[in-house]
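Please look at the sequence and the model below before reading on. The paragraphs after them are meant to be followed with the structure open.

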Amino acid sequence: MFMSLKEWIQESNNIVFFGGAGVSTESNIPDFRSDNGLYKKKYPYPAEIMLSHSFYLSHPKEFFEFYFNQMIYLDAKPNKAHLALSKLEQMGKLKAIVTQNIDGLHQLAGSKNVYELHGSVLRNTCTHCQTKYSLEDMMKYRDSDGIPRCPKCGAIIKPDVVLYEEGLDEYTLYSAVHAIEQADLLIVGGTSLVVYPAAGLINYFHGKHLVLINRDSTNMDSKADLVIHDSIGKVLDDSLCEVYVK
């Protein structure tokens, strides 16, 4: 089955990768819905509630305590999947990465054309004066309750991540849809394909081959030309062997 993927990568010059939390688990960042995922842990409130816009507004102290403890992984490094995708982009074969992840590891691996559907922990904005802050700044400017506050105006600094009850950035969504529509090979990896509207993007693909790489089955498996239940880092790393630029 890896041979089919190798052959399709070899013949394609317009690949798009669409990935989710499973791409980063090999960088020791927990996913959400697996047995050891974020949503299976015990908290005062369900994780979905604590990551909602309304909870952020009504319980900022608890929101940021959860956010910094469970969503930030300063020591995480790109894994084989991130590095393989960066290499495919350098070869001119991969045209875009569409990701649901907020960790910035694709860019850290060297990828340039990345559409972050759910934003990034690396970008943060003052809710009043709109000053931009890095993640390091966010952590440095926390008050006694652990809430990051703008040193210029005192307002809360909000991470540029899409919380529950918030909409996706329209430009990012449009760009992702356009890239998927133009692709001849769509590789989907590390996502359960249950979070909408992101999961619905797969329906915009009308190219030659749809490949799903995931440890568990998804409700889209029957639509794929190839389904691989294995480590996404291993699959992508192995698939680059013998692939060369035409």
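What follows goes from a sheet to the helix beside it and then to a group of aromatic rings.

The model is a predicted one, and it contains an open sheet of 3 strands, in the order β5-β4-β6, whose pairing is antiparallel. Because β5 (132–133) and β6 (157–161) each have a single partner strand, they stand at the edges of the sheet, and one side of each is left without a neighbour there. Strand β4, which covers residues 119–126, is joined to β6 by 5 bridges in the antiparallel sense, and Thr125 has Lys158 in β6 as its bridge partner. Helix α4, made of residues 60–70, packs on this sheet and touches both β4 and β6, its direction making about 50° with that of β6.

Aromatic rings come next. The whole structure holds 9 aromatic pairs, one of which joins Tyr56 and Phe64 in an edge-to-face arrangement, with 6.1 Å from centre to centre and 75° between the planes. Tyr56 counts as buried because its relative accessibility is 6%, under the 20% limit, and Phe64 is likewise buried, with a relative accessible area of 0%. Phe63 and Phe64 are also edge-to-face, since their ring centres lie 5.0 Å apart and their planes stand at 85°; Phe63, too, is buried. Ring pairs connect Tyr56, Phe63 and Phe64 with Tyr67 and Phe68 in a cluster.

Two charged side chains lie over rings of this cluster. The charged end of Arg142 sits over the ring of Phe68, 4.5 Å from its centre, while Lys158 lies over the face of Tyr56, at 5.6 Å from the ring centre.

Conventions:
Residues are numbered from 1 along each chain as its sequence is written. This is a predicted model: local features need pLDDT of at least 70, side-chain atom pairs count only at pLDDT 80 or more; totals for chains, interfaces and linings use all residues. Side-chain values use heavy atoms; hydrogens and water are left out. Two strands pair if DSSP finds at least two bridges between them. Helices (H or I, at least four residues) and strands (E, at least two) are DSSP runs, numbered from the N terminus. Contact means heavy atoms within 4.5 Å. Axes are lines fitted to C-alpha atoms, for helices over the stretch in contact, and angles run from 0 to 180 degrees between N-to-C directions. Rings of Phe, Tyr and Trp (its six-membered ring) pair if their centres lie within 6.5 Å; planes under 30 degrees apart count as stacked, over 60 as edge-to-face and the rest as tilted. Buried means under 20% relative accessible area, exposed over 50%, partly exposed in between (1.4 Å probe, protein chains only). A charge sits over a ring if NZ of Lys or CZ of Arg is within 6 Å of the ring centre and within 35 degrees of the ring normal.
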